[in-house]
Amino acid sequence: MNAPASGFRETAKTLAVFALAIGIWFSPIPEGLTREAWHLFAIFAAAIFAVIVNALPLLTSALLAGAVAVLSETLDPAKVFGGFANPSVLLVVVAFLVAQAVVKCGLGRRISLRVVTVFGKSTLGLAYSIFITDALIAPGFPSNTARGGVLYPIILALAQSSGSLPEDESKRRLGGYLMFCGMASISVSSALWLTATSANPIGVSLAAEKGLQVSFGSWLLVASVPALVAIGLLPLLLYRLFPPGVTDTPDAPQAARAALRAMGALSRDEWITAVVFAVMVCAWILAGTFNLSLTAVAIAGLGTLLATRVLTLDDIYLQGGTLATFLWLAVLFALSGQLNEMGFMSYVGERLAMMLGGLDWPVAYVVLLLLYVLMHYMFVSQSAQVLALFGVFLDVGVQAGVPVPLMGFALLFASSYFSTLTPQGGSQNVIFVASGYLTQGELYRLGLLTTAFCALVFLVIGTPWVLWVG
């Protein structure tokens, strides 16, 4: 019974995608748009919709969209495939590969254990150790999923060592609290660092089209105050919203010290990785001052790790997920850019601006930001939403009179912290959700409250800070 029902749902999803594409394609072309722009919108909308309803994987949807755009003569091949040479796309992919060194050599685990030895005597302290660890390693990880892979084993070990098991309802909540702290920490630390998630460089490239130039250092300066406030308060908030039951974990620091002793001194590969990452982060910070390319810095770091054999070609061959990211990101990035060049984004922006006409810019600013965040309920990918909506919302905000830096940074940061809104709101959530420590109801409730809190912090504290430093 289940198999036919599941097959029917999958077929219905696929038909819905085709219906959307055909419906838009053959609809009357709105005045002010070219035929190519309208047809590209049909292709792009169908591709994003296919991902939202889980009819197709992101890679499959993107490749089909690119192929249809070329074969239908909507776009020239050079425009569709030009994204493969985009520096932002290359930065994401290369940094993905570099991040594998941290996992492979054990440096990420060592950092995590070191923080636990300091903060791990209580459940709240363990939560802060998760947030601090993630904030420290985030600039070297452009992949939320990769950081989740570093944090999850540590969080699972901490929960189990404290006697918390998913199947034991009386003790489950401690593990659930720590698991959601892992999800929340990734969402906020991604807003703190430009290089912490693949969606950030995409947003920065789109913001540059409106004249907002964002460097590694300027991002950190603007994000630092609201993000650090959120990092400081979220463990406490979640402690109140989802009491863990067990409040003291006196054995955690000792267990972490034992694990560190078992690891021994820093290995050769750990030393090399630590130095390479330190140099890369410093270079990213100073990139604006010395006119350095973020992508070139990442490539140099990858080359160094390969030359010193911290990473090998076999390690690269195993990163099929990285290749998949490169393919879908390059195609969707190019299609989104062409929608903007063809005037579709400005067309939509004008219609949205008309709806907000007459509102003072502070009101329009808040409405646009909250609408942008809430629309993440419809997305299973942060990057997909940035590609689909970031340019439109930024353009509308600017037309409404919102200062470009304020609207741009608000949307950039929201593209990270809204990832906890739903269990599927970011690929990094999956590993924590699969632990079994949290129910679907708890995940949606905590996700909504956490996202609302982050939006409040970035509005109330981030807004005056951006206006002052921007």
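**What share of contacts in the chain, between residues at least 6 apart in sequence, join residues at least 24 apart?** The share is 79%. A contact means heavy atoms within 4.5 Å. This is a predicted model: local features need pLDDT of at least 70, side-chain atom pairs count only at pLDDT 80 or more, and totals for chains, interfaces and linings use all residues. Residues are numbered from 1 along each chain as its sequence is written, and side-chain values use heavy atoms, without hydrogens and water.

**View 1. The chain has 24 helices and 0 strands.** Both are DSSP runs, numbered from the N terminus: helices are H or I with at least four residues, strands are E with at least two. Buried residues (under 20% relative accessible area, 1.4 Å probe, protein chains only) make up 54% of the 470 residues.

**View 2. The largest pocket has a volume of about 650 Å³.** A pocket is an open set of points on a 1 Å grid where a 1.4 Å probe fits, with protein on both sides within 12 Å along at least five of seven lines; lining residues have an atom within 4 Å of a point. Volume is the space filled by probe spheres set on the points, which are joined across faces, edges and corners. Of 31 lining residues, Thr145, Thr325, Trp328, Ser427 and Gln428 are closest to the centre. The lining has 12 nonpolar, 19 polar and no charged residues. Nonpolar means Ala, Val, Leu, Ile, Met, Phe, Trp, Tyr, Cys and Pro; charged means Asp, Glu, Lys and Arg; the others, Gly among them, are polar.

**View 3. The second largest pocket holds about 490 Å³ of space.** Phe41, Ala45, Phe344, Ala388 and Leu389 lie nearest its centre. Helix 2 gives the most to this lining, with 7 residues.

How values were computed: Buried < 20%, exposed > 50% of the residue type's maximum accessible area, 1.4 Å probe, protein only.
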